[in-house]
Amino acid sequence: MKKTKQGRERMMKQLIKKFWPLLCLLVLVLVAGGVFLLMGSESTPEKAVAGFLTASLEYDEDDLLEYASDYQRVELAGNVEMDGETLEQYLQTSYAQARELMEGEIPTVTVEVDSVDTLAMGTERYEELLAEYGEKADAKAVEAMAVVRGTYRTDDDPKNSFCALAVQCGGKWYYGFRI
């Protein structure tokens with residue numbers, strides 16, 4: 001019995017020794033993948049605006065809410081105060097009806113960002129846009145703002161220009177409103 005236990009321990013040590021490099025490589029790959037995912041999901045003004053525009057034109061309520069600022073949430077609710085869950089249900093119903101009317105032919109959206117101009121706090125333009133944001137949402141929550149310009153198109157439609165405000169709240173960028 002003692003020999004069997006020692007034999008198993010020796011065999012386990014040999015297996016660990018044999019597979020140790022493979023285990024280290026696996027851990028390294030997992031760590032590198034995690035870092036890549038974190039860096040790839042970094043919140044930026046251009047991602048917020050492009051994500052919101054794409055979601056709104058493709059009738060994707062989940063992404064729409066992910067990129068919508070509090071200002072946009074009030075707009076989406078028809079200027080009625082709704083909690084997050086009620087707004088989500090409202091959008092699911094509305095977008096399901098829209099998708100049904102479109103008979104499943106949701107357009108493919110392409111967004112190209114031409115420029116991102118971060119606005120300096122305290123400037124006249126910053127204060128003007130902050131006041132407009134504050135008409136429907138808590139302006140005190142805004143940490144930074146940027147003006148994002150570019151174009152978007154759906155399938156074979158011509159390009160459309162956009163100029164939008166992106167706001168940073170809680171460390172994350174969101175679509176504010178069209179300028």
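Student: Which residues does Ser 69 touch, leaving aside its neighbours within four places in sequence?

Tutor: Ser 69 is in contact with Tyr 133, Val 167, Tyr 174, Tyr 175 and Gly 176, once neighbours within four places are set aside. Bear in mind that this is a predicted model.

Student: Where is Ser 69 found?

Tutor: In the loop between H3 and H4.

Student: Buried or exposed?

Tutor: Buried: Ser 69 has a relative accessibility of 2%.

Student: OK, zooming out. How many helices and strands does the protein chain have?

Tutor: There are 6 helices and 4 strands. Along the sequence they follow the pattern α-α-α-α-α-β-α-β-β-β.

Student: And what order do the strands take in the sheet?

Tutor: S1-S2-S3-S4, in an open sheet with antiparallel pairing.

Student: Which strands stand at the edges?

Tutor: Strand S1 (109-119) and S4. Each has a single partner strand, so one side of each has no neighbour in the sheet.

Student: How many bridges pair S3 and S4?

Tutor: They pair over 6 bridges, in the antiparallel sense. Val 167, for instance, has Tyr 174 in S4 as its bridge partner, and Gln 168 stands opposite Trp 173 in S4.

Student: What about the turn of that hairpin, how many residues lie between S3 and S4?

Tutor: There are 2 residues between them, and Gly 170 in the turn has a positive phi of about 60°.

Student: Which strands does H2 lie across?

Tutor: H2 lies across S1, S2, S3 and S4, and it runs at about 145° to S1. Helix H6 (residues 124-134) also lies across S1, S2, S3 and S4, running at about 80° to S2.

Student: Let's talk packing. Which residues in the largest nonpolar core touch the most other members?

Tutor: Val 49, Leu 64, Leu 91 and Phe 162, out of 23 residues in that core. The elements giving two or more residues to this core are helix H2 (45-57), helix H3 (61-67), helix H5 (84-101), strand S2 (142-154), strand S3 (160-169) and strand S4 (172-178).

Student: Which one gives the largest share?

Tutor: H2, with 5 residues.

Student: And what is Val 49 in contact with, leaving aside neighbours within four places?

Tutor: Val 148, Phe 162, Ala 164, Ala 166 and Tyr 175.

Student: Switching to rings. How many aromatic pairs turn up in the whole structure?

Tutor: A search finds 4. Take Phe 52 and Tyr 175: their ring centres are 4.2 Å apart and the planes are at 5°, so this pair is stacked.

Student: Where do Phe 52 and Tyr 175 sit in the chain?

Tutor: Phe 52 is in helix H2 and Tyr 175 in strand S4, 123 residues apart, and the pair links these distant parts of the chain. Both residues are buried.

Student: What about Tyr 71 and Phe 177, why is that pair tilted?

Tutor: The planes of Tyr 71 and Phe 177 are at 45°, so the pair counts as tilted, and the ring centres are 4.7 Å apart. Tyr 71 lies in helix H4 (residues 70-76) and Phe 177 in strand S4, so the pair ties together parts that are 106 residues apart in sequence.

Student: Are those two buried or exposed?

Tutor: Tyr 71 counts as buried at 8% relative accessibility. Phe 177 is buried as well, with a relative accessible area of 4%. Ring pairs also link Tyr 71, Tyr 133 and Phe 177 into a cluster.

Student: Last thing, confidence. What pLDDT does the protein chain average?

Tutor: It averages 83, and 81% of the residues score at least 70. Over residues 31-40, though, the pLDDT is below 50, and beyond near neighbours in sequence that stretch has 1 contact in the model. Where pLDDT is low, the predicted coordinates should not be read in detail.

Definitions and conventions:
Residues numbered from 1 in each chain as written. Predicted model: local features only at pLDDT ≥ 70, side-chain atom pairs only at ≥ 80, totals over all residues. Heavy atoms only, no water. Core = buried A, V, L, I, M, F, W, Y, C linked by side-chain atoms within 4.5 Å. Buried < 20%, exposed > 50% of the residue type's maximum accessible area, 1.4 Å probe, protein only. Contact = heavy atoms within 4.5 Å. pLDDT = per-residue confidence, 0-100. Phe/Tyr/Trp six-rings, centres within 6.5 Å; stacked < 30°, edge-to-face > 60°. Pairing = 2+ DSSP bridges. Axes fitted to C-alpha atoms, helices over the stretch in contact; angles between N-to-C directions.
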